[in-house]
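Look at the sequence and the structure, then read on.

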Amino acid sequence: MEIKGTHILPEPIINQPPNSTDVARKAQSGKQNAKFQDILSQELAGVNKIKVSAHAQRRLAERNIVIGRQDWEKINNAVDRADAKGANNSLLIHGELALIVSVKNRTLISAMDENALKEHVFTNIDSAIIIK
């Protein structure tokens with residue numbers, strides 16, 4: 001084959017043994033996939049965990065609110081307690097955060113930090129939970 005004066009000889013495709021960098025890269029990729037699978041399985045196993053609505057995700061991001069794993073566990077426990085009392089929509093006060101949660105749907109609806117809380121009136125809630 002000739003392209004613009006350059007003679008090219010096609011080479012046959014042969015299954016060559018992978019070199020050491022390919023093997024290391026695949027092993028690393030396999031570990032990451034296994035790690036991701038572990039996390040995904042753990043998350044899927046917790047079917048009663050609270051979901052985060054798109055609105056709440058935006059508010060968390062806008063207000064740079066990061067909720068740690070232990071905090072999520074406390075929030076889940078609080079939602080369980082609210083559910084046991086028959087609550088539908090709750091205000092959860094957790095430290096300097098205020099969270100609006102649909103207990104029935106187990107969904108975080110909104111999140112406010114200390115600045116957003118100032119002089120805020122909460123409506124459409126039927127319960128409040130203070131988490132320490």
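## Strand pairing in the sheet

S4 and S7 run parallel and are joined by 5 bridges. Within this pairing, Leu91 has Ala128 in S7 as its bridge partner. The model is predicted.

On to the other pairings. Strand S4, residues 89-94, also pairs with S5, here in the antiparallel sense over 6 bridges. Asn89 stands opposite Ser102 in S5. The hairpin of S4 and S5 has 2 residues between the strands. Gly95 in this hairpin takes a positive phi near 65°.

S5 covers residues 97-102 and S6 covers residues 107-112. These two strands run antiparallel, with 5 bridges between them. Val101 faces Leu108 in S6.

Helix H2, residues 54-62, packs on the sheet. The helix touches S3 and S6, and its direction makes about 30° with that of S6.

| Strands | Sense | Bridges |
|---|---|---|
| S4 and S7 | parallel | 5 bridges |
| S4 and S5 | antiparallel | 6 bridges |
| S5 and S6 | antiparallel | 5 bridges |

Now the whole sheet. In what order do the 5 strands stand? The order is S3-S6-S5-S4-S7, in an open sheet with mixed pairing. Strand S3 (51-52) and strand S7 (127-131) stand at the edges. Each has a single partner strand, so one side of each is left without a neighbour in the sheet.

Notes. Residues are numbered from 1 along each chain as its sequence is written. This is a predicted model: local features need pLDDT of at least 70, side-chain atom pairs count only at pLDDT 80 or more; totals for chains, interfaces and linings use all residues. Side-chain values use heavy atoms; hydrogens and water are left out. Two strands pair if DSSP finds at least two bridges between them. Helices (H or I, at least four residues) and strands (E, at least two) are DSSP runs, numbered from the N terminus. Contact means heavy atoms within 4.5 Å. Axes are lines fitted to C-alpha atoms, for helices over the stretch in contact, and angles run from 0 to 180 degrees between N-to-C directions.
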